[in-house]
Amino acid sequence: MKERIVDWYYTFPIQLVILHLKSNLFLLFLWLVSLLLALGKMGVNMGFMYLMLSPEYLGEVGFYSFALVGGAFGGFLVTWNITTYILHSPQFPFLASLQRPFTKFFMNNAIIPLIFLVLFFWKLIDFQWYYECWDGWTIANNLIGFIFGFMTTLIFTIIYFQFTNKDIFSFVKPEGKTPPNLDKPILPGNRTMTLENVKNPNYAKVRSYLTESFRWRPVRNVAHYEEKFLYKVFRQNHSNAIIIQSTSIIILIITGYMIENEFFRIPAGASYFIFLSVVTSVAGVLSYWMHKWTTIFVLFLILIINTLTKHEFIDPKNKAFGLIYDQKQAEYTYEVMDSIHSQQNIDFDKAETIKILEKWKKKQAKSKLKEKPKMVIIGTSGGGLRASFWTMQMLQQLDKETNGRFYKQTSLLTGASGGMIAMAYYRELYLRKLKGENIDLGDQKYLDNTGKDLLNPVIFTTVSNDIFLPWGRFEENGQKYPKDRGYIFEWQMNKNLDGIINKKIIDYKIPEYNAEIPLMFIAPSIVNDGRRLIISPQGVSYMATPPHGSDYREIGSDAIDFRKLMAEQDADQLRFTTAIRANASFPYILPNVALPTEPRIELADAGFMDNMGLNSGHRFVHVFQDWIKENTSGIIFVVIRGSDPQDKPISERQGFIESAINPIRIMRRIVDIQDFEQDTYLSYTMDIFGEDFVDFIPFTYSEGEGMNRASMSLHLTKREKIDIINSFYLPANQENLKKLKKALR
C-alpha cells in the first residue's frame, strides 16, 4: 500500500501540481480568482459571476454566447499550459524523447483545470436553474455550447502542434541529409540550461506519465541523447508556443478597436479569459527573460508609466463628452469658487428658481386642489441596475396609484448612480408624453429597458481596450475623445433606452424653466477635495454653500455650480448621458471623469457623498423655506432605496487581521454613515418647518422570503427582476403607499 502511494506521488500529474505550488503562485492565483468569481465568492455584489454564468452576445444568452466563452476558456487553458511548458519543460527532459511532447504535457497538467471545470459546471447548472429559471433543455444547450467552444479551441491547437511541434527523432540526422542549424539559443533572453542537471535521472522526480490513450508509461532516461538535440526540441516547441500567445493579444486588440460593432463585441466572460491568456503570457515571458529581476523590472515599468501619465505624455483619462479640452483650462481655486458663489450670483439664481417654483405652483392650481399643494421631492439611491430597475418600478407604480398626482407635484429629482438613470429616463418619457407623443408611462417595456444588461459591454471594453490604453477616437463639438468603457457605457445605455436621453444638458433648460418637468440635480463627487459638483441647466450657486442666516460667506463652499465653473469650456454642450455616467462612476467599473481644469479634477460616484440625494433635497428646501412655507401646504420627501437601511450587523467576531484593518473597513460603511447623517438633516428640516409640515416616506427594496438579494451589478437575472418587482407589494412598502396617498390629499 505504501509503495502504491509513493508511485502516485511520483507521477507526472502530481509532480506538476507540486511544481505549481512551489513556483507558479501567481499563475495559480489567476485560477483561484476565476473560480471565486464564478462561484460568487468574490465580487458578488458587482455581479462579476454573471460574466461567466450569464454571458450575452448580440443581446442574447444562449448557445453562441457560451460557445464564445468556452472557446476563450480553452484559449486560456492552452496559454497556461504553454507558459508553464516554456518555464519548466527543461526540468523534465524526458519530454524531449517523446512523440508529441506538448500534448503529453497538456494531458498531465490537467488536474487544476479539471477541478475548475467540475466546480464551474456545478455552479453553472445551479445558477441557471435558480436565478434564470431556465428549463433543463436550455441549460443543457448552454453547457453544450460551452463545451463546443472549448473543444474547438483544443482541436485547432492540437492540429497546429501536431504539424509544427517536433520531437527528438525529427532532429536525428537522416542518412544523406544535412542536420539543421542547432547553434541558435532556445529563445531570445533564454536562461542557460544546465544539462548536467537536466540529464541527471534524479533531477525531476517523475517515474511515470499519462499518455493520450489514458495509460501510464514509465519515464525513460535521456542521458544518452546529445544535448544539442534536447535544445532543438525545446527551442522549436517554444517558438510555436510564442505564436499562440501572440494570437491572444492580437485578438484582444482587434476586438477592442471594434467595440461599437456588436458582432465583434464578444461576451465579457470571453474577454476575461482572453485577458487572462495575455496576463499569463506576459507573466511567463517576464519570468523567462528576466528571471530573478522580474519584480524589479515590473516595479520600474509601473513607475515609468505613472510618470508618463502624470505629465500627460500619455493621457488615458476619461473625458466629459461635449466639453472643450484643447483651449484654456478652467481655474479651480478658492478665489474662483468665491467669485462663482458670490452673493450676487446666489441672489440671481434664487430669483430665477423662484420663477420656476411659481410656474410649478400655477401648474398645481390647474388640478383644482382645495388647498395649497404639497411639494414632492424624490431622492433615489445608487446600486447599479438593481437601483435603476427598482426606481423605475416605483415611479411607474406610485404615479399609477395616485392617478398621476405624485409626479405632477414633484418639483425636484436628486440621487445617485443607477437610480438616477431611471429618474432621467422616466422624466424624458413624461416630457414626451406632455408634448403629445403616444406614451403609456406605466408600460412594462420601459421597465424592461431599464433592466437590460450594461455589465458585459463595460467589462468587455475594459479588458479588450482600456488595458492597452484606448486608441479609438470619436469627435463631438469639435473635440476628439477616447472610446473607452465610459464611452461604451453611454452607447449601450442609449441603445437600451431607445436613445431618448441622448441629449445635451442645455436641452432641458426650457422644459425645467417652464416647470413642465421637475428640476434634476446631478451631483457627482469631486475626488480631489470631497466637494460635490452640481450639474443642472439652471443656475444653482445657492446649492454650493450651506445656508447660514443672511450671510453666505461665513462658511466655505462644499459644492460647485458646474455651469459657472465650466462656462468657458462650453458647459451647456455637456452630454446629458455623460453627466448621468459621472454620477454613477463606481470605482474601477467605470472611469473617473476628468474635467478640463487646472489643476485637473476628477468626478466619481455621487454615492460617496450623497447616496440618496437627500443632502441636495434638504438644502434646496432650506434655501427656499420662505417661499415653501407661503405657497405650499407641506413637503413630501419620497426616498426610493435599493437596500434596507436596517440590514446592518450589530457586531461580528474578529481575529487580529480583521482588527488590524478596521480603519480601512470603515470605508465599507459609507452608506450607513450617510443614513445617520440623513436623520440629522431631516431633524433640522422638521425644526425649521415643523413636524406636521414634513413627510418622509421611504420605499425600500427588500428581498423576498427565501430569496437572495439582487446584486448591485450592471446585470440582473430573471429571478432578481421578479424579486424586485414583487418587493413593491411587501407590507412595509404598501403601508408607505397609503401614507403617500394620504399626504397628497
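## Nonpolar cores

The largest nonpolar core of this predicted model holds 145 residues, and F273 and F406 are those with the most contacts inside it. A nonpolar core here is a set of buried Ala, Val, Leu, Ile, Met, Phe, Trp, Tyr and Cys residues joined through side-chain atoms within 4.5 Å, where buried means under 20% relative accessible area, exposed over 50%, and partly exposed in between, with a 1.4 Å probe and protein chains only. Helix α5 (residues 63–88) gives the most to this core, contributing 11 residues. Apart from this core lies another one of 32 residues, among them I356, F521, Y542 and V639.

Leaving out residues up to four places away in sequence, F273 touches M52, V69, A72, F73, F76 and F116, a contact being heavy atoms within 4.5 Å. In soluble globular proteins, nonpolar side chains tend to be buried together.

## How the model is read

Residues are numbered from 1 along each chain as its sequence is written, and side-chain values use heavy atoms, with hydrogens and water left out. Because this is a predicted model, local features need pLDDT of at least 70 and side-chain atom pairs count only at pLDDT 80 or more, while totals for chains, interfaces and linings use all residues.

## The open sheet

Five strands form an open sheet with parallel pairing, in the order β9-β6-β5-β16-β17. At the edges stand β9 (519–520) and β17 (694–700), each with a single partner strand, so one side of each is left without a neighbour in the sheet. Helices (H or I, at least four residues) and strands (E, at least two) are DSSP runs numbered from the N terminus, and two strands pair if DSSP finds at least two bridges between them.

## Strand β5 and its partners

Strand β5 (residues 374–380) pairs with strand β6 (residues 410–415) in the parallel sense over five bridges; in β6, T410 is the bridge partner of V376, and T414 is that of G379. With strand β16 (residues 634–641), β5 pairs in the parallel sense over seven bridges, and I377 stands opposite F637 in β16.

Strand β5 is mostly covered, since seven of its seven residues are buried. Both of its faces are covered, with K374, V376, I378 and T380 buried on one side and M375, I377 and G379 buried on the other.
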